[in-house]
Amino acid sequence: MQRVVSGNAGRTLTFQIDRGGAPMTLTATPALKQGKDGFGNNFCHAVLGVSRSMTPNDIKTEHVDPFTAVWLGVKETWFIIDRTFSYIGGLFAGRECADQLGGPIRIAQISGQVASLGFMPVLHLAAMLSVSIGLLNLFPVPLLDGGHLLFYIFEAVRGRPLSARAQEIGFRIGFAIVVMLMIFTVFNDTIQLLPRLWAS
């Protein structure tokens, strides 16, 4: 429920529920709100106003066999990929907050916070970062691996590689995009970090 709602701010969702044994169909539109996580970090998220139960009887741990674990890992990887593209689309549509983009400072900060929760949360974070960085590297931007693949596709279609001049221009554009993204994420990290430093 949380994953479905979080990626659909401003979109009308249809829910099939069971109330007292009677099926019901409800519609609701998640609203984008600014909030804080358990460590005090600001983040934007879509909400319906529904919260989960945290009582011990309602929290269950399910052990699965290795094959099922691999399949669940594939599904989790696909969720990260799908959520990434949904976030990028939401940025252009105004349904997501640009200040959620973070760089090395925020990664280090979150890693330290997650490490205080134990090994499994750190392992989950490492896997999520690996998938995210791998996906970013495959974007069709010259200078990244995805840009090289794009050049190879052009070469396959044209029957010959692009000229050295065209490749140089492409790499310069790719370099500019990567540098601008780095500057923007470091700026976001700094804006998030300054209030904490000021408070301390």
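**Exercise 1.** Work out what span helix 2 (residues 66-93) should have, and compare that span with the distance between its end C-alpha atoms.

*Solution.* Helix 2 has 28 residues, and at 1.5 Å a residue it should span 40 Å, where the expected span is 1.5 Å times one less than the number of residues. The end C-alpha atoms are 40 Å apart, which agrees. Helices here are DSSP runs of H or I with at least four residues, and strands are runs of E with at least two, numbered from the N terminus.

This is a predicted model, in which local features need pLDDT of at least 70 and side-chain atom pairs count only at pLDDT 80 or more, while totals for chains, interfaces and linings use all residues. Residues are numbered from 1 along each chain as its sequence is written, and side-chain values use heavy atoms, with hydrogens and water left out.

**Exercise 2.** Decide whether L143 is buried, partly exposed or exposed.

*Solution.* First locate L143, which lies in the loop between helix 4 and helix 5 (145-158). Next apply the cut-offs: buried means under 20% relative accessible area, exposed over 50%, and partly exposed in between (1.4 Å probe, protein chains only). Because its relative accessibility is 39%, L143 counts as partly exposed. Its phi is near 100°, a positive value in a residue other than glycine.
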